[in-house]
Structure formats: C-alpha cells, structure tokens
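Here's a quick tour of a protein chain, written for someone who likes to check the geometry alongside the picture. Have the viewer open and follow along.

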Amino acid sequence: MVKESRRAIGEFSLWMASTRQVLEVLDSREAVNLSSPPKHHEIDGIFLSNLKSNKDTFVYLVQTFSRAAQHGDQDWAHYVKRQCVAYSALALLQPGNFAGASAPPPDYASLKLFLLLEESGQLRAPPGFVQELLSKLETLELPSYPTPHGCLKSLTLGNSNSVIPSTISRLSKKQVTDNIAAEFLMMEELCNNKAAMKLLFESQYWNPKGVSFNMAQVIEMKTILGSFLRLSCYPESQIVAGQLQPIRHPVGQDCFSDCVHKAKLDIDSSVSQVRTFLQASQMKTLNMMKIMLKEPSAQQEVFSWIATVLKHNEIRLKLGYHVGYLMARSSSTGFLFNLLSVLLKLCKPFADPDHPKALWHKIDSTWLLSKHRMDLSNETRLATTRGNAQGENEAGETQEEMDHEEHIEVSKSFGTISEYFFLALRCLNIVHLSQQIKDYAKISRELQERNQSLNQSSEDFHERMAEIAVLVERRLCYDVVLMDPNLVDDLLLFARLIARWLLRVADAPPTILPLPPKPSAMFKAIPEFCVEGVTDILRMVAQTNIPTLELMGMPTLQDLFNFLMVFSSNDVYIKNPYLRGKLLEVMSLLIPRGRNEGFELGGGSLATLFEEHDIARKFLVPTLIRFYVDIEVTGRDYSNNQFYEKFHYRHYMAELLMYIMKFPYYITALKKESENVGEFVRFINMMLNDIIHCIDEGLLKLADIRKIEFERADTQAWNAKPEEERNQEEQHLQTMYGQAGWGLQAATEVLTMMEKLTKHVLDPFLRAELADRVAAMLNYVLKTIAGPRCIELKVQHPEKCYFKPKELLALVVEVFMNLAKHDKFALAVVRDERSYDHEVLVKVHRLIRTHALEDESFCQQFLDYMQVLQESKQSQMELDAKIEEAPDEFLDPITQDIMTDPVILPTSGNVMDRQAIMRHLLSDETDPFNRMKLTPDMLQPAEDLKKRIEEFLASRRT
C-alpha cells in the first residue's frame, strides 16, 4: 500500500511538473488540466486561447518558440515549436486575422522579421526559428497564394514592402558605419533556403533585365548584392556644369570633418574605426556570397551577376571617362572596390603559388576566349595579329606561319577557380587602380600646397582652413580604403598569382629564362590588362605603402621581380613598348631610397634586390638600352601622344640605369653592351636628341618668363592693363614655369645619365657619326648658360622651373671632361664652328673655381684641356687652309666637308661621307635624296674616290 502511494505521488509529481512546464512555455494564465504527457489537442486549445488574447501574436509565438526550445527533445516541445512556426507564418502573411493586428502596417512582416534580427532588439530570433519559418513558408499552401512557393514569394518578394525590397530600401538609407547587422543576418537566412534563393534569382532584385542608360547604377542601388556592396566611404566625384567636382561623403563628414584640428594619433584612431566597419561589411558580404556559392546552380547566378556588373562598368576604361556623361553611367568606385575585395578573398584559397596542392594550376586560360561571361575580343592582346602590307603580323610572322598557328581549344565549362580568378582580374582592371592613385596623389599635392601657402595673418585664413579641412576629410576617406592592410596583402598575393600564371602560360622553364623563341597562341591571346594588373598593384603599394614593400617576403619579391624582368626584356612576348615601359616604371619603384622618401627600413627586402638578382644582372642593362630606342622607334604605333609619353618612361629607365651603375657587375655589363655598336650608337643618338630638345624647351621658356616678369616689374603699366589681360598673362606665366621645369628637369636627368655612362664607356660616344654631335651639344649648352646672353635666363623664381644653373654647369663640364680622356674629342669640339668659343670656356673655368663647383684638381685639368683645344683649333685651321681648294667631288653634298670615307647610296647613286649618312640613318633609314629605304648595310664603299681623297690630303699636309 505504501509502495502504491509512493508510485501515485511520483506520477502526480511528474504530471504536475509536465503541466507546469507546458503552461509556462505557452504562457497560459489559467489553470488547465493536461494529460501526461500533454496531448496535441490540449496544447492547441491553449494556443488558440492565447492567440485570441495576445496583443501581438507574432511576438507571443516567437517567445513561446524560444521557451519551448529550452526543453530539449521532449515530444510536446517539438510540437509546440512546429505550431509556433506554422502560426507565425500565418501571422506574417495574414496579420489581420489575429487579435491586436486588425490594421497592421503594409510592411508588418518585414518589420517583425528585422525586429527578430536586431542586435539591440528586445525580441531576438531563437536559434533555428527563421530557417524553420522559411521552410514552412516554402511548403505552405494557401488559397491566396496558389503558385509554387507562393507563400514564401509573398513574404520575400511579393511587393515593395516584402523582405528583400525592404532590405534594399533600409540599406539605401544607411552608411557603412551604421548598424547593418540585421540586414546581413536576414540575407544569410534567405541564402540558406534554396527555394528563397531560386525566387530571388528570378526576380528583378537580382539581375535586372533590359537596357538602361545607367544600368551599372541600377544594379548597385536596386539589387540585393549591390545594396550591400555599395556601403563604403570611398570619395566620389560628379560632373557639374561640365566640370569634375568632388562629392563630400557622409561618412567623411561624420567621422573626419574636424580632423584638421586633431593630433595624428587621434586621426589614425578615427581612420582605423571606419576601416573596421568597412572590413566587417566586406567580410559579411563575403560570407553571404559563400553561402550562395555552395549550390552549383546558385554559383552560375552569382558569376553572371558579377559579369554583368563588370560589363556595364567597362565605360570606366574609355578615354575621357572623367569628362561628360560617362561617369553618370557607371557604378561608384567604392562599390567596385568592395566587389574587388570580396573576389580577392575568394581567390585566397588557391592564390599561394607555393601551396603543395598547386590549385592555381587549375586556372583555365581559355576562359579569356570564351564568351560565356563576357566578350573580351576587342581587348588589346599581348601579341596581336593585325597584318601589315608585307603579309606579316606584329609578331613578325608570315601569312604561312599564321595559317599554321596553333589552334586554341576553348573549354566548354570552367571550374570555380577559373571563374574567381578571371572575374577578379577583370574587376581589378575596371577599378583602374592607376587612376585611383593619380587622384590620391593629386589631392595629397593640393593639400600640401594649401598648407604651405597658409598664412595666419591673411584675411581669408578661416576660409582657407575650412577648405583644407574638406581636403583632409577627403584624403582620409581615401586612406581608409587604399591603405587597408588587408586589401594591400590580398592585392600583393593576387599580383604574385598573376605573375606566376603568366610565366606558366609563357612556358617559362624552371630557370625562368630563356623563354621559347615564339610565344604560344594562348599567350598571344592574353589581353594586356592581365599584365597591367600586376603593374597597377605594385605601383599602388609603392606609392601609398612603402613599408609593405620593405617587409615583403623574399619568395613573393622574387616572383614579382622575375615577372618584371622577363617581360620587360622581351619585345616578342610584349609587343607594346609602353606596356614594357610600365614594367620598368614599376621596377624603378623598387629602388631603395632614403627616409625622406618613405623608406623607413633602409630598403628592407629591397636593399640587395638588384645587386643579387641573377636575371637582372644578366639582362637589365641591355633591356634598358634597347627600351630607350624602342619607345621611340615603335612607340608611335601605340600612342597618339608618343612624343611626350616616351619621356615619361625614359625617366624611369634613367633612374634604373643610374642606380645600378653603383654596382661593379652592372658596369661590366654596360661595357659589354657597348660592344653592340649598332644598338648602343642609336641609344646615344637619341639621348642627344632628348638633351637638345629639352634644353631648348626649358631655356627658351626662361626667356619668355623673364619678359613677363619684366613687364610686371613696371607696376604702373601692369595695373593699367585690363584685369582679364593680366589674368591671362598670369596663367601664361604659370604655364611657362611648368614647361620650362619639364624641359630642364628632363635634360638634367639625361645629362646625368650621360655623365654616369661616360665614366665607363667612351668609344661609342666618339664614333665618326656621333663625335661632332656630342661635342656640338656640349658646346651649345655651355655657351647658352655661360655665354654673353646668359643674363636672359635670369628669372625671379628659378626654383619654380627647376633651373639650377650652377648644378647644370657642373654636370655638363663633368661630361665634357669624361670625354676629354679620348683623343678624338678635342678635334670634334673645335670643329663646331657654331658654338665653340674659347672665351666661354674661360668663363666656365672661372665659374667652377669661384663657386667651388669642382675641386682644385678638376679645375686645373679643365684649364689644361682648354690649352689642348686651342692647339687643336690652330692645327685644324691650318689644315682647312691647305685643303680649301679641294675638288667638289671630294666634298660631301650635304655638309660640304671633305669626305674621309665616301660611300655610294645604291638607292639614288649619290656619294656621301660615311659619317654623314650614318648620322642621318640613325634617325631616318631613308635615302635623303629620294626617301627610298636605306640601311647601313646597303652602303657601298667608293674605294677609288677614297684613294684619291687620301692622296690629296697627303699632298696638302706635306
């Protein structure tokens, strides 16, 4: 009896506990008798009672689900959760059918779901609730929603108040620094439901169909992925009245507007905070896309969406994008940077070329020829196949060779590795990093100039400070994105991957060089932007984040330097000389420099790069010499602005050559290269052309500047001029300063290069076809800057136009004395009747001694050489007098000098002195008498005439 009583008491206790749990879970305020365990119909009864009495049905159901979830695997708890989900679906679809929601707002369902996902909200979604709700909506069938997945579609896409349109609308009102966790969580929940994703892909909120004037902006603002990727702080611009005007970014105004008054530590902290928000947004978008990409069918939709974005933003690559309406048709740069960041992270698992699995070998290069994502057929190729009049293409192949060209079999499908890689590569191209760096450098210069010109005592001081504050705000917005260490690391990793991939497509051997004599058909078909991807990344890092270069790991640095060396030195694989110029430009940025130029670690990994790199030691010198010639000879076929662009790239070539001349191995390589007479002589000839042009450009502009400054000195006459005329002359003066500075800086640079070269190599400079030109150039410069008319070069602000007469004089004299070591130089100097002047040299000697431009020993050597020149001049005059009556047939028909090595021009039959025609052929390989093709190897010695000239000269000397 006692046992039965205890059993009864135990059963009663269990029943009471079960009843209490159910009543607590269902939040029932009435005592209800329940079975043990509770029956489903008993639970339903309590549900119905509570649904009628609760003011907010949905809130009650969510809270009930949460309480039921705490009771583990009990059957009644599972049933309660299922019922909560079912009733929640109905409450969201038909809120008017429940108590307390007779007049719900149009966006009731969206509001409730976002309320569940708000981080700070009182109602938080229990684990698994949203997914179970979506699954229920997926299978729920109601008369009001007869189509497949009708209930789910109504909730997510039914109208402008549905979940996805509401998410887009909410994001359009937010910035990257706002709380957007709920929106991200909502999309992650939807992405985990295949049916919801399928509905999204079929909707206008994924990939809008049709053609729109500004489709790129439509995709950014009106699609779900675009709305997330739009969140940035990158500074943008717009066209106003035909002028490019900066737009103040809301994030910059909120976070950086007062940074002009802050300490650097506080500014860095503000930048770091904004960058943290941006990185978090990018990572959440990445996670969202990764969920989508798990499903093969969803992969294709995501890839198509990215390809559509890139296709509609190709206008960013057009010439004049920053002028006119083109900018209004593209996506924002911040949006594209975010997309690039996500794509780079998708590439990271296979981006390490040294990974044991070598996943990057799965990159299928024929993706570039397939049109399944985008049509790249109009892109300029590394080795194009446009034919010329001789039936050859630009690779020098005949039509027969082209007919037997290796056929490229384009794959029919591509794996995710290829898709990620090439979409990221194209996105990098469209972001146009080089333009972003130009914009960044421009605002940095403007900010520096404004700060330097700021005067606290000026009346407009506060106005100027306000303008500087806006510039600082914009500059910091750039810093957040461009100096993001995560982005920089990802870009460098990607650059290394591109470099290794291109070397692999080029069939580079393990030793890197030599490449096969001719590139494969696949390599020829690669667009130039693939190579530019590496150069743009390295240029960006070198100009914004030098310490990253100094700390770069040697495997990465070696791969990148191998890439730069291999393709800059090979005009068969890279036909465009300007593209090779970009490779050399980037290489010059790897030259270690001082702290004043941002190198805090003394060069770090770069310190011994050039000195120890085997490929550079062997090929860099001939590459630089050949490039100096190629950029002029073949550059005109690739650029409409070839004349000035060649100086841009020759600048970097000169920087490299002057740097490596510090190392003995490269000096030996230079001497060896000078034995390649034809190439080296053309190189020297073009240096002479550059010096003469640039010196003239600079010095003539100095005379114009002096004239305007002289007019301004007469204050009364100047003020009497109309204001418009004065403004025009002021603008003209600033233009003259710029042009003079460009010419003098370029001339100084080439002269410096010549000074380095003539220390080690002399013979090529004093070959018959060059000696007179070299001497005449030096005489001309000395006479211009130290002659009787040098006063015409004196201007008020020589620093504005890079005019440093003392330094220029010393440089020219050093070249002069380097060449003086050769016995042929003196005669070449005195033969220059136009500019050689002993009195000018006397003044030059006085100047270099008085201003201590050179040491005493050098000055004495110069003085001694002046005496040598006088003696040579006297000897030359005596010889000229003796041969004055030379027969006309002994004279060169163009120079009228007596010939020493007459040759016959087979194309016209005329006779010229070899050195005269060779000098002509250096710049123009045509017969000067009929313009027919003429090359040095076609010249025919006039042996009989030469013998008679020698006999004539011998008779006169005796």
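What follows goes from the whole chain down to single residues.

**The big picture**

Keep in mind that this is a predicted model. The protein chain has 958 residues, and 51% of them count as buried. Its secondary structure comes to 40 helices and five strands.

**One face of a helix**

Helix 11 covers residues 215–222, and its buried residues are Met215, Ala216, Ile219 and Glu220. Looking down the axis of helix 11, these buried residues fall within an arc of 145 degrees, so they line one face of the helix. What do the buried residues of helix 11 pack against? Their partners are helix 12 (224–229), helix 15 (296–312) and helix 16 (333–351).

Helix 16 is also where you'll find phenylalanine 335, which is buried with a relative accessible area of 0%. Setting aside neighbours within four places in sequence, phenylalanine 335 is in contact with Glu220, Gly226, Leu229, Arg230, Trp305 and Val309. Glu220 is one of the buried residues of helix 11. Phenylalanine 335 also sits 9.0 Å from serine 227, C-alpha to C-alpha, although the two are 108 residues apart in sequence.

**Rings and charges**

The count of aromatic pairs comes to 31. One of them joins phenylalanine 421 and phenylalanine 494 in a tilted arrangement, 5.5 Å centre to centre with 55 degrees between the planes. Phenylalanine 421 lies in helix 18 (residues 416–431) and phenylalanine 494 in helix 21 (residues 485–505), so the pair ties together parts that are 73 residues apart in sequence. Both of these phenylalanines are buried. They also belong to a cluster linked by ring pairs, made up of Trp367, Phe421, Phe422, Phe494 and Trp501.

| Arginine | Tyrosine ring | Distance to ring centre |
|---|---|---|
| Arginine 617 | Tyrosine 665 | 3.9 Å |
| Arginine 650 | Tyrosine 628 | 4.1 Å |

**Cysteines**

How many disulfides does the count come to? It comes to zero. Cysteine 477 shows the reasoning: its closest cysteine sulfur, in cysteine 233, is 5.0 Å away, too far for a bond. The cut-off for a disulfide is 2.5 Å between the sulfur atoms. Cysteine 477 is buried at 2% relative accessibility, and cysteine 427 is buried at 1%.

The loop between helix 21 and helix 22 (521–524) holds proline 514. The peptide bond from leucine 513 to proline 514 is cis, with omega near 5 degrees. Isoleucine 512 is found in that loop between helix 21 and helix 22 too. Its phi is near 75 degrees, a positive value in a residue other than glycine. Is isoleucine 512 buried or exposed? Isoleucine 512 is buried, with a relative accessible area of 16%.

Glutamine 896 has a positive phi as well, near 65 degrees. It's found in the loop between helix 38 (856–882) and strand 3 (902–904). At 48% relative accessibility, glutamine 896 counts as partly exposed.

Key: Residues are numbered from 1 along each chain as its sequence is written. This is a predicted model: local features need pLDDT of at least 70, side-chain atom pairs count only at pLDDT 80 or more; totals for chains, interfaces and linings use all residues. Side-chain values use heavy atoms; hydrogens and water are left out. Buried means under 20% relative accessible area, exposed over 50%, partly exposed in between (1.4 Å probe, protein chains only). Rings of Phe, Tyr and Trp (its six-membered ring) pair if their centres lie within 6.5 Å; planes under 30 degrees apart count as stacked, over 60 as edge-to-face and the rest as tilted. Helices (H or I, at least four residues) and strands (E, at least two) are DSSP runs, numbered from the N terminus. A charge sits over a ring if NZ of Lys or CZ of Arg is within 6 Å of the ring centre and within 35 degrees of the ring normal. The arc is that of the directions from the helix axis to the C-beta atoms. Contact means heavy atoms within 4.5 Å.
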